[in-house]
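Hi,

Here is the structure I promised to pass on.

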Amino acid sequence: MAKKYTLKKVNKTGIQKSKIDEARFSINYKEELNTAQFEAASAIEGSYLVIAGAGTGKTRTLVYRVSRLIELGYDPQSILLLTFTRKAAREMMNRATILLDNRCSKINGGTFHSFANLTLRRYSKAIGLDSNFIILDQGDSEDVINLIRGQMNLAKLKQRFPNKQTILKVISLNKNTSKPIDEILIENYPHFAEHIDKIVEIKTNYEKYKFVNSLLDYDDLLVYLLKFLSEHNKYAVNLLSNIKFIMVDEYQDTNKLQADIIKALSTINKNVMVVGDDSQSIYSFRGANFKNIMDFPKLFENTILIKLEENYRSTNEILSFANHLLEFAIEKYPKKLFTNISDGELPAIISATNDNMQSRFIVERVLELREEGVPLEEIAVLFRSSYHSFNLEVELDKASIPYIKFGGMKFVETAHVKDVLAFLRISINPKDFVSWYRILLLHEGVGPKRAQMMMEEISNININNISYDLKNNKILEKIFPLLDLIQNMNKNYSLPTEKLELIFNYYNPLFKKKYDDFNKRRKDLEALVNIASNYDNAITFLADMALEPPQDSVADIDEEDKENEFLTLSTIHSAKGLEWHSVFIIHAMDGFFPAAQSFDSQESLEEERRLMYVAVTRAKQNLFISHPSNIFDRYSGYTLAKPSRFIAKISEQLADEWIIEEEF
């Protein structure tokens, strides 16, 4: 009698996939995750695109995947988790450690830029870099460009020429998007297109200046990393062989350069999982490319698509409104958010007569919510552009409602902190002439011309072995104590806190003379020492100050402003990733939201739609969207305004319509 042989299903490699016994794990992954989350968390080899709708627990999913891979026996250091903020990476690693054990803290987690920084320093000889390179922050980069710009005698052009900020932005977009400079100028600054040759010349000189002086800006970190990975020498192969799993958070925010880095990182071990939401791609102005997430399955073979659609943040009423917005999106991964949260109210669309009535409505409603037990920190007012909140700020001040508006000056961008960091930078890299220039100008009697002469003299001396004969140098005699300070720091002190103490002693009289509010600013310098106490070398300290600086200046907070709670005012771009019990979206008018500049481009209009979706999905319980029906035009007085096309003619099943009336 013939034997019967049954053919079984096998995967594409021809090797039958073995089932993993869930009993081997210390965590019950199936029980603690929903079906889609478990599918993502239990994925091992291959390429995965996880489309995570707003509030669907993407962080939880990534944390559980890290834990599960480690429980399966993979080396934590073979896992690379890339995020857009160090805070996000740290939060995931901490949560994974709490979930499993301390092995999770040993994974390679951080931002694209911090990973690049560590890699470039580790393989600096192979790459051809000085391992002690200094990272320029945005302000420093602008100063270098201004230095180069100032040497080009542009006044003879007798035409408007782009400022340092614009030139840096053009150069940055060129690197991050791979678009030619002329194309960037035509798209963003057509009035400067005739200066293409001069701008290219500035870029060339900027790159030379940085290379000669061992300086890298933010974009260089990624450019050099991609170049290193793509060369596939023995050092790159060693790095790539040790990275078994790559995970990327917020993939919709990546630019072309970052997407190319992910592709390069996966050339040996092709295990990539990217997590993101195409509907929250809102940063094109920074170079982010919406096409990265849409084209991921084309770039990575046999990509498995997983959708997270169960929302744990908002009510069904708010999600129905959000789903409605996405129905009209032209290019998307179709998804429908749902939740088990019940007892919600319909979102409200509020028509106000004018801007001031809109502001007074918000003030009254905020006070009512607070009386109902909703704390101020659980309420936010979101807007498309910062100036949209100006009238509201006046009304909030009148009502004595404390608020914080996001978008202030970063800690390391304050002048006094930049002064102190400049001292530290030249002690490490004496060729950093932008920092020298800043420090020299602090000294009485030293102007731009004298500073240039001094820098020429400084370039010819060994800063760590200063001859006392220099005291007779007429150009440098005024700053001999400064040169002595740098030499003393380098020879006798290693800890950043020790170096900062020496700097403060020298800087203090200059500081008091330069700033009338030096007592207020001193708090920032104290905070700087406190931060530095966590570091044992100045190079790492400076790198972190450039890559992940504290966001706020202590000097911006007055004693009397230290309330227990604050209402949040924020642009929508700054609010992404956050959530509040009650959210107000203001100025929802065509021309304001969507912005008028987006009307000429379908891509820009679609991004405005995604921006509205992000704003709506920040709300947990209450959502209010308001629009003045009249706006003031400086030439014609008040004119009628149309509600935003995103909320016009919306069904009464999806939102309540409110009309504000004055009380007589």
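One definition before anything else: I call a residue buried under 20% relative accessible area, exposed over 50% and partly exposed in between, using a 1.4 Å probe and protein chains only. Bear in mind that this is a predicted model, where local features need pLDDT of at least 70 and side-chain atom pairs count only at pLDDT 80 or more, while totals for chains, interfaces and linings use all residues. Residues are numbered from 1 along each chain as its sequence is written, and side-chain values use heavy atoms, with hydrogens and water left out.

On that accessibility scale, N302 counts as exposed because its relative accessibility is 53%. N302 sits in the loop between α15 (296-299) and β8 (304-308); helices here are DSSP runs of H or I with at least four residues, strands are runs of E with at least two, and both are numbered from the N terminus. The phi of N302 is positive, near 55 degrees, and the residue is not a glycine. S178 also has a positive phi without being glycine, near 65 degrees. You'll find S178 in the loop between α8 (164-177) and α9 (181-188), and at 48% relative accessibility it counts as partly exposed. Worth a look, as most residues other than glycine have a negative phi, and most peptide bonds are trans. On the peptide side, F593 and P594 are joined by a cis bond with omega about 10 degrees. P594 belongs to the loop between β13 (580-585) and α27 (602-616).

Helix α27 also holds R610, which counts as buried because its relative accessibility is 8%. What does R610 contact, leaving aside neighbours within four places in sequence? Its partners are D278, S279, S281, I282 and F290, with contact meaning heavy atoms within 4.5 Å.

Now the domains. The assignment gives domain 1 (19-121 + 223-308), domain 2 (134-213), domain 3 (316-408 + 560-659) and domain 4 (411-549); the bounds come from an automatic or database domain assignment. Taken over C-alpha atoms, the centres of domain 3 and domain 4 are 46 Å apart.

Next, the cores, by which I mean sets of buried Ala, Val, Leu, Ile, Met, Phe, Trp, Tyr and Cys residues joined through side-chain atoms within 4.5 Å. The largest has 72 residues, and the members touching the most others are F423, W436, L440, L482, L500, Y507 and F541. At least three residues come from each of domain 2 (134-213) and domain 4 (411-549). Not counting residues up to four places away in sequence, F423 touches I439, L442, L482, L485, I486, M489, I503, Y506 and Y507. A second, separate core has 44 residues, including L120, L225, I246 and F296.

Last, strand β2 (residues 79-83). Five of its five residues are buried, so β2 is largely enclosed by the rest of the structure. I79, L81 and T83 point one way from the strand, and L80 and L82 the other. β2 runs parallel to β6 (residues 245-248), joined by four bridges, and I79 has F245 as its bridge partner there. Four bridges also join β2 to β3 (residues 108-111), again parallel, with T83 opposite T111. Strands count as paired if DSSP finds at least two bridges between them.

Cheers
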